[in-house]
Amino acid sequence: QVHMVESGGGLVQAGGSLRLSCAASGRTFSGYVMGWFRQAPGKEREFVTSITWNAGTTNYADSVKGRFTISRDSAKNTVYLQMNSLKPEDTAVYYCAARALTVTKYSYWGQGTQVTVSS
């Protein structure tokens, strides 16, 4: 039913940039929060950033504040993660996710896209 597909990952040098995309389908995301999470090998999944679909209110983890920007294109049902000034510690599988404003747990998840930052 609901499908979320990440793309745009790859291998970049430290200090470089990448833009991830998350194509969402299967429902209207009005009233939802769209988020990006990441998980490095051997570590738990962590919150990166989120945006409310309607108002565009954003939230960022301290580790990415000032470097990453989340945005959405309502017409395309797509969420983006612009990543600048990448660091090796940003290396992880990045997942997009969605949840209703009325809940705390993210309900829908993509399969993830690998981001590797070399030093």
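Two strands are taken to pair where DSSP finds at least two bridges between them. In this predicted model, four strands form an open sheet in the order β1-β3-β8-β7, and the pairing is antiparallel. Its edges are β1, residues 3-7, and β7, residues 68-73, each of which pairs on one side only. From one strand to the next, the twist averages 15°.

Strand β8 has two partners in this sheet. With β3 (residues 18-25), strand β8 (residues 78-83) pairs in the antiparallel sense over six bridges. Along this pairing, L18 stands opposite M83 in β8, and L20 stands opposite L81 in β8. Strand β7 is likewise joined to β8 by six bridges, and these two strands also run antiparallel. Here T69 stands opposite Q82 in β8. The hairpin of β7 and β8 has four residues between the strands, and N77 takes a positive phi near 50° in this hairpin. Five of the six residues of β8 are buried, so the strand is largely enclosed by the rest of the structure.

The largest nonpolar core of the model comprises 30 residues. Within this core, the residues with the most contacts are M34, W36, F68, M83 and Y94. Seven elements are named as supplying at least two core residues each: β3, β4 (32-39), β5 (46-52), β7, β8, β9 (92-100) and β11 (113-118). The largest share, five residues, comes from β9. In soluble globular proteins, nonpolar side chains tend to be buried together.

When neighbours within four places in sequence are left aside, M83 is in contact with G16, S17, L18, L20, R67, F68, Y94 and V115.

Charged side chains were examined next. Side chains of opposite charge can pair when their charged atoms come close. A search of the whole structure finds four salt bridges. In one of them, the side chains of R38 and E46 meet at 2.8 Å, N to O. E46, at 36% relative accessibility, falls between the limits of 20% and 50% and so counts as partly exposed.

R38 also meets D90 through a side-chain salt bridge of 2.9 Å, N to O. This pair links distant parts of the chain, since D90 lies in the loop between β8 and β9 and R38 lies in strand β4, 52 residues apart. D90 and R38 are both buried. A further salt bridge is formed by D62 and K65, with the closest N and O atoms 2.9 Å apart. With a relative accessible area of 67%, D62 is over the 50% limit and is therefore exposed. Salt bridges that share partners join R38, E46, R67 and D90 into one network. R67, a member of this network, is also in contact with M83.

Definitions and conventions. Residues are numbered from 1 along each chain as its sequence is written. This is a predicted model: local features need pLDDT of at least 70, side-chain atom pairs count only at pLDDT 80 or more; totals for chains, interfaces and linings use all residues. Side-chain values use heavy atoms; hydrogens and water are left out. Axes are lines fitted to C-alpha atoms, for helices over the stretch in contact, and angles run from 0 to 180 degrees between N-to-C directions. A nonpolar core is a set of buried Ala, Val, Leu, Ile, Met, Phe, Trp, Tyr and Cys residues joined through side-chain atoms within 4.5 Å. Buried means under 20% relative accessible area, exposed over 50%, partly exposed in between (1.4 Å probe, protein chains only). Contact means heavy atoms within 4.5 Å.
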